[in-house]
Amino acid sequence: MKILVTGGAGFIGSNLTEYFLEQGHQVRVLDNFATGHIENLLPLFQRFPDTFELQVGDIREMSDCQKSLVGMEYVLHEAALGSVPRSVKDPITTNEVNIGGFLNMLVAARDAGIKRFVFAASSSTYGDSASLPKVEDVIGRPLSPYAITKYVDELYADVFARTYGTEYIGLRYFNVFGRRQDPNGAYAAVIPLFVKKLMNHEAPNINGDGEYSRDFTYIDNVIQMNMLALTTENQEALNQIYNTAFGERTTLNQLVAYLKEFLGELDEAIKDIEPTHGPNRVGDIPHSLASVDKARRLLGYDPQFSMRDGLREAVKWYWENL
């Protein structure tokens with residue numbers, strides 16, 4: 001396959017790029033390095049000189065989108081400005097990238113005759129829905145500008161399928177973590193941020209009382225879902241949205257306990273570090289737990305890594321690479 005990965009220098013995008021190159025496919029990355037890192041891609045130039053290509057560009061520029069799709073067959077659209085707090089601080093840029101950029105890619109993909117458009121949706125779409133586990137067709141009102149943008153993307157994809165015959169699959173990611181997730185910056189995700197703090201013998205700060213819970217999802221489960229979405233021949237599975245998760249709920253207090261356990265095996269002093277607590281973040285969903293029944297039924301999804309198993313792998317990677 002000839003695959004374009006937008007946002008391919010980022011955490012999830014670079015893992016997808018590496019996986020599909022290893023499977024023998026031709027991959028082009030489109031990235032402007034706003035949040036991604038060239039270091040995530042440099043080894044791929046050496047390992048796959050004939051099948052890997054990088055285009056520096058911005059999905060907010062239609063000409064960049066069109067150029068990136070020349071000769072391509074499939075799209076894995078990962079490019080976005082993540083982070084609920086970032087969207088609360090700067091909703092305009094989040095909207096420009098996540099909605100304007102998404103629409104640009106959809107139009108360019110339609111015009112280029114792309115066979116299938118697989119994109120990163122978000123569990124934030126469930127908003128204030130209190131039901132657990134989360135099932136794809138029951139959502140609430142969005143709680144942040146970021147959540148609005150990701151829901152609008154789903155609506156656009158559906159309209160393009162109905163209007164232009166575009167073939168899509170949207171994957172609602174649930175708190176993805178793993179190798180190459182950036183622990184630095186103002187909007188670092190909770191797991192790499194806590195790992196870095198503990199490795200530096202600093203106390204991680206938990207928002208709220210620590211009883212908010214998440215369906216933390218290891219990167220290899222996400223790779224499996226993208227592979228299935230890209231290759232499925234089940235017509236019933238197309239033009240659908242799927243939860244991408246393990247289906248297991250972990251509180252932030254449990255997360256810290258696991259991290260202290262795994263890192264404590266490498267550095268005894270970490271076992272004695274106690275977290276601090278601050279106020280809850282604006283826009284945060286209290287609890288998140290996915291049903292993956294739809295993905296199992298229509299795509300054959302079978303996640304291999306529980307939260308604990310994935311966390312042990314992630315801790316090992318951070319210990320060797322931070």
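**Exercise 1.** Work out what the 13 residues of helix α8 (residues 219-231) should span, and check it against the end C-alpha atoms.

*Solution.* Start with the rule: the expected span of a helix is 1.5 Å times one less than its number of residues. As for the naming, helices (H or I, at least four residues) and strands (E, at least two) are DSSP runs, numbered from the N terminus.

Before you go on: this is a predicted model, where local features need pLDDT of at least 70 and side-chain atom pairs count only at pLDDT 80 or more, while totals for chains, interfaces and linings use all residues. Residues are numbered from 1 along each chain as its sequence is written, and side-chain values use heavy atoms, with hydrogens and water left out.

**Exercise 2.** Describe how helices α7 and α11 pack.

*Solution.* First, the angle: α7 (residues 190-199) and α11 (residues 307-321) pack at about 55 degrees, with their axes 11 Å apart. Axes here are lines fitted to C-alpha atoms, for helices over the stretch in contact, and angles run from 0 to 180 degrees between N-to-C directions.

Next, give the angle a word. Under 35 degrees counts as roughly parallel, over 145 as roughly antiparallel, 65 to 115 as roughly perpendicular and the rest as oblique. That's why α7 and α11 are oblique to each other.

Last, find who touches whom, where contact means heavy atoms within 4.5 Å. I191, P192, V195 and M199 in α7 meet L311, Y318 and W319 in α11. The residues of this contact divide into 7 nonpolar, no polar and no charged. (Ala, Val, Leu, Ile, Met, Phe, Trp, Tyr, Cys and Pro count as nonpolar, Asp, Glu, Lys and Arg as charged, and the others, Gly among them, as polar.)

**Exercise 3.** Which phi value does F33 have, and where does F33 lie?

*Solution.* Phi of F33 is positive, about 60 degrees, although F33 is not a glycine. F33 lies in the loop between β2 (26-31) and α2 (42-47). At 26% relative accessibility, F33 counts as partly exposed.

How values were computed
Buried means under 20% relative accessible area, exposed over 50%, partly exposed in between (1.4 Å probe, protein chains only).
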